[in-house]
Amino acid sequence: METSHSYLRAKIPEGPLEEKWTNYKRNARLVSPANRSSYSVIVVGTGLAGSSAAASLAEMGYNVSTFCFQDSPRRAHSVAAQGGVNAAKNYQNDGDSIYRMFFDTLKGGDFRAREANVYRLAECSGHLIDQAVAQGVPFAREYSGYLNNRSFGGVQVSRTFYARGQTGQQLLLGAYQALMRQVHLGKVTSYTRHEMLDLVVKDGTAKGIIVRNLDTGAITRHAAHAVVLASGGFGKIFYLSTLAMGCNGSAIWRAHKRGALTACPSWTQIHPTCLPQSGTHQSKLTLMSESLRNDGRIWVPARLDEMRPPAAIPEDERDYYLERRYPAFGNLAPRDIASRAAKERIDAGFGVGPLKNAVYLDFKDAISKQGVEEVKKKYGNLFDMYEKITGVNAYAEPMKISPAAHFSMGGLWVDYELSTTVPGLFAIGEANFSDHGANRLGANSLLQACVDGYYILPYTLPHYLAGLSAEDRAISVDGPEFEVAEQEIREEVQRLTKIKGTRTVDDFHRVLGKLLYDYCGLSRSSTGLLEAIAKIDSLKKEFQEDVLIPGTPDRMNDELEKATRVADYLDIARQMCEDALTRNESCGAHFREEFQTSTGEAARNDAEFAFISCWRYGKNGSEMVREPLEFEYVKPTERSYK
């Protein structure tokens, strides 16, 4: 079902593209420093987005409470990002600029994002590098001492700043130390091992959350004037993914059930450079940084059923398929394109490895030209990790890589102020949909998380708080809304633990993940999506009747934690398939088999589908709402990397 978009307001500021963010800041309402301590803010998630936002707001004088399910804020999944963070500094004097970065990002997302949001991301990028350096982030440097750069997919300049293969970890340490400084000053209260299970809404406005202590099972209420979700994406829905085992989509889904619209949930990214699945025993896959594609060349044998080791295959019997198909960008084609190209070669029978489910990433030429030590300087820890996992020395023979689920471009719908459709509820970082369109360019995830937390929310959230009435400023956990929300959560966990079925939570999750990857992964079709929806409905019914959760809910219970997340995944999965089914075009990571060019590329339909598909929750099914995309400064063109 579909409804009007009349109440969806993106709140894009007036003025030229280059001045919109400046105009917003100039006109934003402020809260007096003397009054800030009377406002409380809840931040759910302590990755780069959450930690940077919490530290910034606390530094300004607000009372902040942070919640994470990990045993320390610094164990958030931002640590897993490897390759780098983008910024339009033009240190390499290779023609980069804010506008070029804006255009690259908009084109990389297949022109399915707001111009104003994307331009602001590029505009704020340079400030982040300066701040990170001041925090002590050890970015790579040239011999002269200047910060070094490398390239990532979908661009023809070098704008990626990096700390070997540990960029996410180093940036998170900078945000974490800023956060912990505020904790020790008493301005931030940190709740670790606490998971948000519901959003509390009063008169249509977010007023707090219900959380469960994962160590004791205690369920508690927490009130605030504003709630910020920085809980990351839902890519772990595929089961086998690059995400940590605890990553989940429950916070955003629970907010969705309370009135926050989702946007483009089917836009999920499959990363082209990951370690291939080696058997049915695995519970996750390992990311190998996209930065490796700067020097590594991707190829498969040119003939079927090739049994020779890679070193024995001569050059003229190798297919460097990305260089062949996309000569202008070669091995640095965008992720969606590189992943589909790998899948095409593997499905055609040219895959390598024991399961024939991988392609080669070869550093022979780079080592020949630069030497082992130079390659080791740039990627040493990644090569070490690869050898530790596979037992293979990648300096001596090619890596084997394969596509794997990685990132969610879709998420909660937000306006220019990062506010959801529930007043008082904000979503930042991967939890929202705002900046990447239908495909995220590499090294933009760390950037968005930091920009949202350090530079945007500290303006937009006070703007909201300053407009609250005296009645709205009164908060308490004793109201009926909190009581009802808490009781519903208690009933939910009791019901799940009383099922006492025969199948584990992981079994259901594994089945759901494979189903989604097959029908709503790298490629989709109308027939397959309809079949997937029917299978998801059946699987959900089986889950509600036959899941086995040992123990009780009033103490530590890992299986119960997983069960609440998988229950939400089953609902998210259905909406993903509904979203993919309604978009009769191919764009970015959303590749509908019915809509492709004669050469197998994505066929976008700007005349009918230049909009953001937003979804309203309903117990009898989701309802779609459109937000039209307007392009004033860039005319959408064919997205070609040839």
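In the predicted model, Lys 376 lies over the face of Tyr 395, at 5.4 Å from the ring centre.

Trp 21 belongs to helix α1 (residues 20-27), whereas Tyr 459 belongs to helix α11 (residues 445-465). The pair therefore ties together parts that are 438 residues apart in sequence. Trp 21 counts as buried because its relative accessibility is 2%, under the 20% cut-off. Tyr 459, at 36%, counts as partly exposed. Trp 21 and Tyr 459 form one aromatic cluster with Tyr 24 and Tyr 416.

Helix α11 also packs against helix α2 (residues 48-60). The two axes come within 8 Å and cross at roughly 30°. The crossing of α2 past α11 is right-handed. On the α2 side, the contact is made by Leu 48, Ala 49, Ser 52, Ala 53, Ser 56, Leu 57 and Met 60. On the α11 side, the contributing residues are Leu 446, Ala 449, Cys 450, Gly 453, Tyr 454, Leu 457, Pro 458, Leu 461 and Pro 462. Of the residues in this contact, 13 are nonpolar and three are polar. No charged residue takes part in the contact of α2 with α11.

How values were computed:
Residues numbered from 1 in each chain as written. Predicted model: local features only at pLDDT ≥ 70, side-chain atom pairs only at ≥ 80, totals over all residues. Heavy atoms only, no water. Helix = DSSP H or I, 4+ residues; strand = E, 2+ residues; numbered from the N terminus. Buried < 20%, exposed > 50% of the residue type's maximum accessible area, 1.4 Å probe, protein only. Phe/Tyr/Trp six-rings, centres within 6.5 Å; stacked < 30°, edge-to-face > 60°. Lys NZ or Arg CZ within 6 Å of the ring centre and 35° of its normal. Axes fitted to C-alpha atoms, helices over the stretch in contact; angles between N-to-C directions. Left-handed = near helix turned anticlockwise from the far one by under 90°. Contact = heavy atoms within 4.5 Å. Nonpolar A, V, L, I, M, F, W, Y, C, P; charged D, E, K, R; others polar.
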